[in-house]
Every structure is written in C-alpha cells, then in structure tokens.
Amino acid sequence: LDFYRRSLALCRLPQDARPMPELYRDCLETAVLAEELGWDQLWMPEHHASDLWAPAPLAFLTAIAARTSQIRLGTYVVLLGLHNPLRMAEDIATVDLVSNGRFDFAVGGGGQQAECYLFCIPTA
C-alpha cells in the first residue's frame with residue numbers, strides 16, 4: 001500500500017476536455033509538485049488513437065526529467081511492438097541520461113486493436 005501512496009500515474013480521464021497544451025503544462029507542473037511533496041515515482045502511459053493523450057511518453061518524461069531531480073520516472077507501458085528497436089533504445093538512453101539514472105522502462109507487446117491498425121501491425 002505504501003507504494004501506491006507515493007506513486008503517481010499521469011493519465012487523462014475521458015471527461016477531461018482541456019486543450020492539449022494546457023493538459024501537458026498541467027501534468028508537467030503536477031510532476032514537479034509531486035517531487036516537492038516527496039512522491040517517489042511517476043509513471044506515464046503510451047496511447048495512440050484512443051484518447052489522443054501520451055503518444056510519446058519518452059519525450060514527455062524527458063521534459064519531466066529536466067525539471068526534477070529526485071523522483072523516479074517510468075513507463076506503464078511502452079507498446080514495444082509499435083516501435084523501431086534502435087530508435088527506442090536511443091530514446092530510452094536519452095531519458096535515462098537526462099534523468100541521471102532515474103528512469104524505469106516497462107514494456108508491453110502491443111496495443112489496442114485501433115493502435116495496431118494505425119501502425120499497420122497485424123493482430124492475429
């Protein structure tokens with residue numbers, strides 16, 4: 001239970017109608033505040049086509065890493081099957097370097113049906 005009290009997952013609820021620039025700005029400020037309040041971890045999802053939020057979690061986690069210094073950052077989960085392996089390795093290394101080793105990388109094999117369709121990846 002202690003893990004959940006000190007871990008923050010940035011997500012967008014379906015009823016959230018904020019414009020994207022405002023949503024990202026607010027989430028970045030939330031991440032900075034979470035660190036100031038002593039939270040231990042912050043996790044970011046990856047989604048495409050479903051709710052138009054978080055299509056590039058590694059880019060956003062890099063921005064958070066540049067504004068924080070203590071809180072661990074992670075993915076829950078990157079849809080590995082949708083990415084070029086070399087590009088993904090470079091992006092992971094970038095987040096890890098900017099965060100000074102505070103990055104945890106969690107992966108999943110694929111996404112929702114719509115996400116696989118968007119990237120022309122067969123699901124069967």
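# Notebook: fold, core, pocket and backbone

I first read off the order of elements: from the N terminus the protein runs α-β-α-β-α-β-β-α-β-β-α. That gives five helices and six strands. I note here that the model is predicted.

**Overall burial and contacts.** I looked up the share of buried residues. Of the 124 residues in the protein, 35% are buried. Then I checked contact range. Among contacts with a separation of 6 or more, 76% join residues 24 or more positions apart.

**Core.** Which residues have the most contacts inside the largest nonpolar core? I found Leu-10, Leu-42, Trp-53, Phe-60, Leu-61, Ile-64 and Leu-73, in a core of 22 residues. Helix H2 (20-36), strand S2 (41-44), H3 and H4 each supply at least two residues of this core.

**Helix H2.** I compared the length of H2 with expectation. Its 17 residues, at 1.5 Å a residue, should span 24 Å. The end C-alpha atoms of H2 are 24 Å apart, so the two agree. I listed the buried residues of H2 next: Leu-23, Cys-27, Leu-28, Ala-31, Val-32, Ala-34 and Glu-35. Glu-35 is on that list, and Glu counts as charged. The cover over the buried residues of H2 includes strand S1 (7-9), S2 and H3. Just after H2, I noted Gly-38, with a positive phi of about 90 degrees.

**Largest pocket.** I looked up its volume: about 170 Å³. It is lined by 14 residues, and those closest to its centre are Ala-56, Leu-58, Ala-59, Met-88 and Asp-91. Helix H3 (57-67) and helix H4 (85-98) each supply at least two residues of the lining. By class I have eight nonpolar, three polar and three charged residues in the lining.

I took a closer look at Asp-91. It sits in helix H4. Is Asp-91 buried, exposed or partly exposed? Its relative accessible area is 24%, so Asp-91 is partly exposed; the cut-off for buried is under 20%. I also checked Asp-91 against Leu-58. The two are 33 residues apart in sequence, and 6.7 Å apart in space, C-alpha to C-alpha.

Val-77 lies in the loop between strand S3 (72-75) and strand S4 (78-79).

I then turned to Asn-100. It has a positive phi of about 60 degrees, although it is not a glycine. Where is Asn-100 placed? It is in the loop between H4 and strand S5 (103-104). Asn-100 counts as exposed because its relative accessibility is 71%, and exposed means over 50%.

Conventions. Residues numbered from 1 in each chain as written. Predicted model: local features only at pLDDT ≥ 70, side-chain atom pairs only at ≥ 80, totals over all residues. Heavy atoms only, no water. 1 Å grid on protein atoms, 1.4 Å probe; cavity = no way out; pocket = protein on both sides within 12 Å on 5 of 7 lines; lining within 4 Å. Points joined across faces, edges and corners; volume = space filled by probe spheres on them. Helix = DSSP H or I, 4+ residues; strand = E, 2+ residues; numbered from the N terminus. Core = buried A, V, L, I, M, F, W, Y, C linked by side-chain atoms within 4.5 Å. Buried < 20%, exposed > 50% of the residue type's maximum accessible area, 1.4 Å probe, protein only. Expected span 1.5 Å × (residues − 1). Contact = heavy atoms within 4.5 Å.
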